[in-house]
Amino acid sequence: MTDLQFVTLDVFTSTRLQGNPLAVVTVPASLKDKLSQATKQKIAQEFNLSETVFLHEAADSDSQQQQRNVDIFTIEREIPFAGHPTIGTAVLVKYHLHPHVDTLVTKAGPIGLASQADNQIRAKIPHNVHLHSKTLADVIGGNTAYPGLCPVPQIRDAELKAPVFSVVNGMTFVLVKLPSLDLLGQVGTSYRLDFDALPQPLLDEGWRDSLVCRYYYVDLGEEDGEKRIRSRMVELGFEDPATGSAATALGSYLTLNEEKRGTRFRVTQGVEMGRKSDISVETTVRGSGSGGVELEELWLGGTAVVVLKGSLTVDI
């Protein structure tokens with residue numbers, strides 16, 4: 001038996017019991033090769049949160065190393081990147097464990113960290129953005145009764161025509177724009193769309209090994225130089241209070257296809273479920289050979305607060 005130390009944090013909030021809960025399990029260097037994928041998956045299922053992070057500590061001889069490797073698990077699978085695990089782990093590392101660490105290494109690539117005032121973190125997100133060629137309407141056709149679509153006609157129509165966008169290969173979102181907060185409030189958790197069982201592949205060739213979720217949003221206009229967004233992520237049978245990866249996908253998509261310039265976004269999520277979360281996204285662009293723009297830098301920002309500390313006993 002081995003005891004692993006863990007911390008839970010509420011992310012994208014400075015108020016406990018708001019935001020999105022996250023568990024971070026510290027893995028000593030001596031256990032790196034002993035803690036199997038299957039065991040990590042079972043630990044994530046034990047916490048039963050939207051994501052659980054495994055933070056790999058450096059060996060004593062490398063303790064001043066400025067990066068730490070992380071693995072991110074949902075209750076169903078490992079994923080290459082997710083936003084609230086990045087910000088929550090970054091706050092834990094920079095402000096509670098190792099202030100000298102400036103990089104988290106995910107399966108999607110290294111993420112640079114920058115400290116900000118009031119325990120805020122900015123994380124430079126690796127990106128490999130891709131707008132897929134098909135929509136749900138293309139693969140489902142005119143079947144508006146298809147299982148898993150929203151029963152509210154106006155929301156369902158928006159789901160069917162929404163762009164499908166990957167922020168990295170492995171993290172894909174159907175970006176469902178709604179015209180009002182009233183409609184956003186009518187999005188429910190009682191229906192789940194099985195993206196793996198669609199009549200034909202939704203994602204382009206080479207991008208199909210991916211988590212796919214619907215991300216609903218309302219554009220609230222610009223205020224103080226920021227584009228304001230209200231959003232909800234309802235998928236996998238539950239509602240996520242804050243989805244940083246989806247917010248970065250949305251910010252990237254809007255930058256490239258609507259704004260055509262570097263943009264700052266302020267995304268508020270989780271209001272309807274009583275766990276308000278504040279997510280910041282910032283993009284920069286450069287000119288592309290076709291006369292348009294391409295994404296240069298993608299930054300995700302927020303903070304987190306520690307809620308629980310403890311130990312987890314596993315048989316390894």
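1. Arg-261 and Glu-259 form a salt bridge whose closest N and O atoms are 3.2 Å apart, a salt bridge being a side-chain nitrogen of Lys or Arg within 4 Å of a carboxyl oxygen of Asp or Glu. Glu-259 is buried at a relative accessible area of 18%, where buried means under 20%, exposed over 50% and partly exposed in between (1.4 Å probe, protein chains only). Salt bridges with shared partners link Asp-219, Glu-222, Lys-227, Glu-259 and Arg-261 into one network.

2. The model is predicted: local features need pLDDT of at least 70 and side-chain atom pairs count only at pLDDT 80 or more, whereas totals for chains, interfaces and linings use all residues. Residues are numbered from 1 along each chain as its sequence is written, and side-chain values use heavy atoms, with hydrogens and water left out.

3. Arg-261 also forms a salt bridge with Glu-222, at 3.6 Å between the closest N and O atoms. Because Arg-261 lies in the loop between α6 and β15 (264–269) and Glu-222 in strand β12 (residues 211–223), the pair ties together parts that are 39 residues apart in sequence; helices (H or I, at least four residues) and strands (E, at least two) are DSSP runs, numbered from the N terminus. Arg-261 is partly exposed at 40% relative accessible area, and Glu-222 is exposed at 56%.

4. The salt-bridge count comes to 25. One of these pairs is Lys-40 with Asp-71, at 2.9 Å from N to O. Lys-40 belongs to helix α1 (residues 37–47) and Asp-71 to strand β4 (residues 67–73), so the pair ties together parts that are 31 residues apart in sequence. Lys-40 is buried, at 5% relative accessible area, and Asp-71 is buried too, at 6%.

5. The largest nonpolar core has 54 residues, and those with the most contacts inside it include Leu-9, Phe-173 and Ile-279. Such a core is a set of buried Ala, Val, Leu, Ile, Met, Phe, Trp, Tyr and Cys residues joined through side-chain atoms within 4.5 Å. Helix α6 (residues 244–259) gives the most to this core, with 7 residues. A second, separate core has 27 residues, among them Ile-140 and Val-212.

6. Which strand holds Thr-103? Thr-103 lies in strand β6 (residues 103–106) and is buried at 14% relative accessibility. Thr-103 and Lys-124 are 21 residues apart in sequence, with their C-alpha atoms 9.3 Å apart in space.
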